[in-house]
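Work through the exercises below using the sequence and the 3D structure. Each task is followed by a stepwise solution.

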Amino acid sequence: APPTVPMPPTTSHHEAAVDAEEDQSTEDPTVEDLAVRVAVRARPLVAKERLERARECLAYPSPTTVVLGKNRAFHFDEVFGPDSEQTRVYDNLVAPLVDACFDGYNATVLAYGQTGSGKTYTMGSMAAHAGGDDEVGVIPRVIRDIFAGIDKRRGASECTVRCAFLEVHNEEVRDLLHPDVTTKKISVRERADGAIVVSGIRECEARGAEEMVRLLEN
Ligand code: ADP
Ligand code: MG
């Protein structure tokens, strides 16, 4: 895979495992090792769970450790507990990626977890429905910072922002910016150079943050 994002050295689980095996290794970790960071975020109990008298079963003994139950510890690059704010999650995990994009790197942010675990809340694809400004999630923050970054560089360089928004459900891909395109016309395939591309998806140009948020909300 092409190098994506330069990140400060972290001790990912992957690296830690390698270190343990080759104790004296002075080899630099590969770019790939440093380019992927894995964080876990636990959400607070929701009202329904509190009504059911559910109890928290996680502990956070360090900023990179979460303990499940009594003694099952898991290590991540970052651990965010139930009182972690959207701002802190964004500033730690995502803001550096947006900066790196302006240096020509690609970036991906992936939220993974079972239904109800907080993916939509964290990514914040429903900006308009969010409570206050503090509640706003990753996507609207990225949009804001991309256009702020472009403004800062005005005169020095010229930028065009294009976006696509797609949904994969039961192996079918839908173009959410062009819902009238039938899913049969859209396919995911691997290009000769190994890149995975979605063909049949059309990008839209966005000239400002509001326009881009509106595109994603419609
Ligand atoms: P998912 O998209 O993974 O299915 P949601 O993002 O819809 O999960 O979250 C499930 C519920 O938990 C929602 O009511 C959401 O508002 C709430 N929630 C999720 N994460 C948090 C959080 N960090 N703080 C407060 N409430 C949260
Ligand atoms: Mg969701």
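**Exercise 1.** Find how far an oxygen atom of ligand 1 is from an N or O atom in the side chain of lysine 119.

Solution. The distance to the lysine 119 side chain is 2.8 Å, which falls under the cut-off for a polar contact (a pair of N or O atoms within 3.5 Å). Next, take the backbone: a polar backbone atom of tyrosine 121 is 2.7 Å from an oxygen atom of the ligand, and one of serine 117 is 3.4 Å from an oxygen atom of ligand 1. Taken alone, ligand 1 exposes 560 Å², of which the protein buries 68% (Shrake-Rupley areas, 1.4 Å probe).

The model is predicted: local features need pLDDT of at least 70, side-chain atom pairs pLDDT 80 or more, while totals for chains, interfaces and linings use all residues. Residues are numbered from 1 along each chain, chains are lettered from A and ligands numbered from 1 as written, and side-chain values use heavy atoms, without hydrogens and water.

**Exercise 2.** Determine which domains give residues to the shell around ligand 1.

Solution. Domain 1 (1–82) and domain 2 (85–158) both contribute, so the ligand lies between them; the bounds come from an automatic or database domain assignment. The residues around ligand 1 include Arg41, Pro44 and Thr120, with a heavy atom within 4 Å as the criterion.

Technical notes: A polar contact is a pair of N or O atoms within 3.5 Å; within protein, one must be able to donate a hydrogen and the other to accept it, and residues adjacent in sequence count only if both atoms are side-chain atoms.
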